[in-house]
Amino acid sequence: MKDQIPYKIYLEEHEMPTAWYNLRADMKNKPAPLLNPGTLNPMTFEELQPVFCDELIRQELDDTSPYFPIPEKILSFYKMYRPAPLVRAYCLEEQLQTPAKIYYKFEGSNTSGSHKLNSAIAQAYYAKQQGLKGITTETGAGQWGTALSMACAYLGLDLKVFMVKCSYEQKPFRREVMRTYGAQVTPSPSDTTAVGRKILEAHPDTTGSLGCAISEAVEAAVTNPGYRYALGSVLAQVVLHQSIIGLETKAAMDKYGIKPDIIIGCAGGGSNLAGLIAPFMREKLRGEADYRFIAAEPASCPSFTRGKYAYDFCDTGKICPLAKMYTLGSGFLPSANHAGGLRFHGMSSTLSQLYADGLMEARALEQTPVFEAAQRFARVEGILPAPESSHAIRAAIDEALHCKETGEEKTILFGLSGTGYFDLAAYGKYNDGTMTDRVPTDEELAQGFAGLPNVR
């Protein structure tokens, strides 16, 4: 892999990338651009400036530069926890009695407990470089909010977090970690923003969604001088930062002569999955190698498997740009399942284009069998996985069991994107047998689709 990259991209002493890889550069069919909802023209740099940091806008709009050098300050921060472990799941293989080889890239061995820190420190760094006072953001299960709280504390920035209401109530300890790092945490939807009050008036009993929280965070950014908004997934800039996951993974596998046949990641907004597959997808796009890529999403919020590929708002309040993506409609409010980080109505435009082009697969999983897989993994591999990550574990186990049936000796790689030590209330419901599965009906999905903007 190093020979294919035009300049030195790895720190020799760490085998850690010194540049992020922009997957869009190698895509023949580029992701559709963000559109101004008023004019329906592609968003310009100037139009995005009130919301995002300048350097992040440049990264967002650039779909031709293959590599972006990682600033030294960010590299120094990464050295606290990177490279992240790539582990062969010997004990799980033995327990399953499968001929498959199973590997996982573990992104939970940092203080925030998830892969989210990879982009959080980058976005906070660029805010600091621009001389801003602080950042606003949303968080679902709390991993992104935790990561950004840590990054902002490190760089001396203020942070306002709008946390999806059901997660705010289900995960009080994650909330308190954010507050410990100095963040102001507000349950969303709230009465502190105009869009939050509007959503509460229409849906007074709502448990919230990432779409709601995004609306509030964006409003807070544009109405508070010296603040910008930071998003934890979906956008191309976040996918870019998360490519460090896949670059490290591929470097390690290449070093030991390992080639995965199947690569699996959980998918909510798509940053974890996109980051993991990035360099492998590069080879597939260039005709250098072939892989199966599987997106594992919750059946309660099935944007890939039951969504429509269309332009839609990224937020419930309809104040953000339009993105072309697989979506359930910005007005779709998913049930309060425990994988809060996957409760987003749409999917990354980059992944959506790859899926539309037939380069990826997707499967929707109900949360009870997902927790069964999480428990099985925890008992033999010694890590308690996050509910989000456990979707990838479920899919990996299913593929390994299929290998057992067919006798195929496949190599399976999945992303273990975070730990579940703040999700013990959810594990308690599973252990007590009170966990339920909620799958939206076609009629409920139709209501979300009815609100899609009329954009060709």
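Helices (H or I, at least four residues) and strands (E, at least two) are DSSP runs, numbered from the N terminus. This is a predicted model, in which local features need pLDDT of at least 70, side-chain atom pairs count only at pLDDT 80 or more, and totals for chains, interfaces and linings use all residues. Residues are numbered from 1 along each chain as its sequence is written, and side-chain values use heavy atoms, with hydrogens and water left out.

**Confidence**
- The protein chain has an average pLDDT of 93, where pLDDT is the predictor's confidence in each residue, from 0 to 100.
- A pLDDT of at least 70 is reached by 96% of the residues.
- Residues 1-7 fall below 50. Beyond near neighbours in sequence, this stretch has 17 contacts in the model (contact: heavy atoms within 4.5 Å).

**The open sheet**
- Four strands form an open sheet, ordered β9-β8-β7-β10, with parallel pairing. Two strands pair if DSSP finds at least two bridges between them.
- β9 (184-188) and β10 (227-229) are the edge strands; each has a single partner, so one side of each lacks a neighbour in the sheet.
- From one strand to the next, the twist averages 20°.
- Strand β8 (residues 158-164) runs parallel to β9 and is joined to β9 by five bridges.
- Phenylalanine 162 stands opposite threonine 186 in β9.
- Helix α8 (residues 172-180) lies across β7 (134-139), β8 and β9, at about 170° to β8. Axes here are lines fitted to C-alpha atoms, for helices over the stretch in contact, and angles run from 0 to 180 degrees between N-to-C directions.

- Asp54, Leu56, Ile57, Gln59 and Glu60 are buried in helix α2 (residues 54-61). Buried means under 20% relative accessible area, exposed over 50%, partly exposed in between (1.4 Å probe, protein chains only).
- Their cover includes β3 (19-21), α1 (45-48), β4 (67-69), α5 (117-129) and α11 (236-255).
- Glutamine 237 sits in helix α11. Its relative accessible area is 1%, so glutamine 237 is buried.
- Not counting residues up to four places away in sequence, glutamine 237 touches Phe52, Leu56, Gln59, Glu60 and Gln123.

**Cysteines**
- The structure holds zero disulfides (a disulfide is a pair of cysteine sulfur atoms within 2.5 Å).
- Cysteine 166 has its closest cysteine sulfur in cysteine 212, 10 Å away and too far for a bond. Cysteine 166 is buried at 3% relative accessibility.
- For cysteine 403, the closest cysteine sulfur is that of cysteine 91, 19 Å away and too far for a bond. Cysteine 403 is buried at 2% relative accessibility.

**Loops and backbone**
- A cis peptide bond joins arginine 82 and proline 83, with omega about 0°. Proline 83 lies in the loop between α3 (72-78) and β5 (86-88).
- Another cis peptide bond runs from serine 188 to proline 189, with omega near 5°. Proline 189 lies in the loop between β9 and α9 (194-202).
- Glutamine 97 is not a glycine, but its phi is positive, near 55°. Glutamine 97 is exposed, at 55% relative accessibility.
- Valine 234, also not a glycine, has a positive phi of about 70°. Valine 234 is buried, with a relative accessible area of 9%.

**Aspartate 290**
- Aspartate 290 is in the loop between α12 (271-285) and β12 (292-298). Its relative accessible area is 52%, so aspartate 290 is exposed.
- Leaving aside neighbours within four places in sequence, aspartate 290 contacts Lys259 and Lys284.
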